[in-house]
Amino acid sequence: MRPTLAIVVAALVIAVSNWTINPHRPQWRDLYSISAQEAVTLGQTALWVDARHADRYRAGHFPHAINATESHWDDGLGKVLDAITPSTTAIIVYCDSAGCRSSHHLAKRLQSDLGRNWDIRVVTGGWPAVSAASKP
Amino acid sequence: MIANVLGRMIISATFLYAAHDKIVRPDDFQSAILDYQIIGTWWSAALAYVLPGLELACGLAIWTNYLRQAALWTLLAMVFGFLLAVSSALLRGLPISCGCFGNAGHDLVLTFAVDIILLAILAFLVKSARAVPSRPTPST
């Protein structure tokens with residue numbers, strides 16, 4: 001039992017050290033995923049943000065989705081602020097695929113810049129799932 | 001003996017590599033955990049720090065042959081947990097990547113197969129560990 005405890009203590013020391021020095025901190029709350037089906041049912045009551053590269057966005061995107069990326073954040077945030085209307089109930093973000101992380105990063109930036117009162121969600125499965133779910 | 005050393009090298013290298021990206025980007029790893037839709041945000045954040053810590057500690061322990069048996073049992077339990085999570089995601093048809101090696105997306109079926117292989121190697125190492133004793137821990 002004692003050797004296992006030593007392993008666990010070592011792991012906790014690594015974890016706490018990483019938490020202390022690493023700037024890429026996870027969110028302890030307010031980072032929510034949404035399934036593509038659920039997101040599509042929200043339709044235009046939500047503001048859709050496409051976090052993919054501009055070329056892929058131009059090749060096809062969810063209706064009325066705006067393109068915003070972390071690499072052009074000021075421009076992207078401006079577009080989001082312009083697109084928000086009084087009837088906007090949520091902000092839905094998606095990126096290239098199930099494994100992509102840009103939608104999560106963008107959602108966190110939006111949550112940080114717009115405030116915690118906004119319901120900001122990331123689509124599980126990314127664009128392929130959104131595309132499949134929005135087909136009639 | 002050779003199989004034992006080879007198995008130890010494979011296991012320690014795999015988990016040291018797996019720990020690296022997750023320690024560098026715990027935020028990315030949390031996103032991967034959340035994609036499984038099993039636990040909530042707070043627990044996913046805690047796991048995003050603790051799991052890579054365990055992987056690193058166990059990887060180093062097996063590499064250095066120090067506290068090896070405890071590290072092997074810990075990894076055995078972890079891989080079993082990973083298998084349950086991956087199986088659950090497969091059964092629910094979640095369109096996600098495993099998140100096992102940081103940003104590199106991996107197919108869940110492939111991940112399931114890799115986990116089974118890791119589980120087999122770990123079971124072999126645990127069983128053969130009695131024949132090859134770990135370096136003694138310092139007596140107090």
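A: Chain B has an accessible surface of about 6,700 Å², and carbon and sulfur atoms account for 74% of it. Such areas come from the Shrake-Rupley method with a 1.4 Å probe, and for residues only the protein chains shown count as cover. The model is predicted: local features need pLDDT of at least 70, side-chain atom pairs count only at pLDDT 80 or more, and totals for chains, interfaces and linings use all residues. Residues are numbered from 1 along each chain as its sequence is written, chains are lettered from A and ligands numbered from 1 in the order in which they are written, and side-chain values use heavy atoms, with hydrogens and water left out.

Chain B contains five helices and zero strands, in the order α-α-α-α-α along the sequence. Helices (H or I, at least four residues) and strands (E, at least two) are DSSP runs, numbered from the N terminus. Of the 140 residues in this chain, 50% are buried; buried means under 20% relative accessible area, exposed means over 50%, and partly exposed lies in between (1.4 Å probe, protein chains only).

Contact here means heavy atoms within 4.5 Å. After α2(B) comes Gln37(B), with a positive phi near 55°.

Side chains of opposite charge can pair when their charged atoms come close. A salt bridge is counted when a side-chain nitrogen of Lys or Arg lies within 4 Å of a carboxyl oxygen of Asp or Glu. Asp27(B) pairs in this way with Arg25(B), with the closest N and O atoms 2.8 Å apart. Asp27(B) counts as buried, at 5% relative accessibility, whereas Arg25(B) is partly exposed, at 23%. In the pair of Lys108(A) and Asp27(B), the closest N and O atoms are 3.7 Å apart.

How many salt bridges cross between the two chains? The rule finds one across the interface of chain B and chain A. The contact as a whole takes 33 residues from chain B and 31 residues from chain A. About 2,800 Å² is buried between the chains, with 64% from carbon and sulfur atoms; buried area is the accessible area (1.4 Å probe) that two parts lose on being put together, summed over both.

Elsewhere in chain B, Lys22(B) forms a salt bridge with Glu55(B), the closest N and O atoms being 2.9 Å apart. Lys22(B) belongs to helix α1 of chain B and Glu55(B) to helix α3 of chain B, so this pair ties together parts that are 33 residues apart in sequence. Both Lys22(B) and Glu55(B) are buried.
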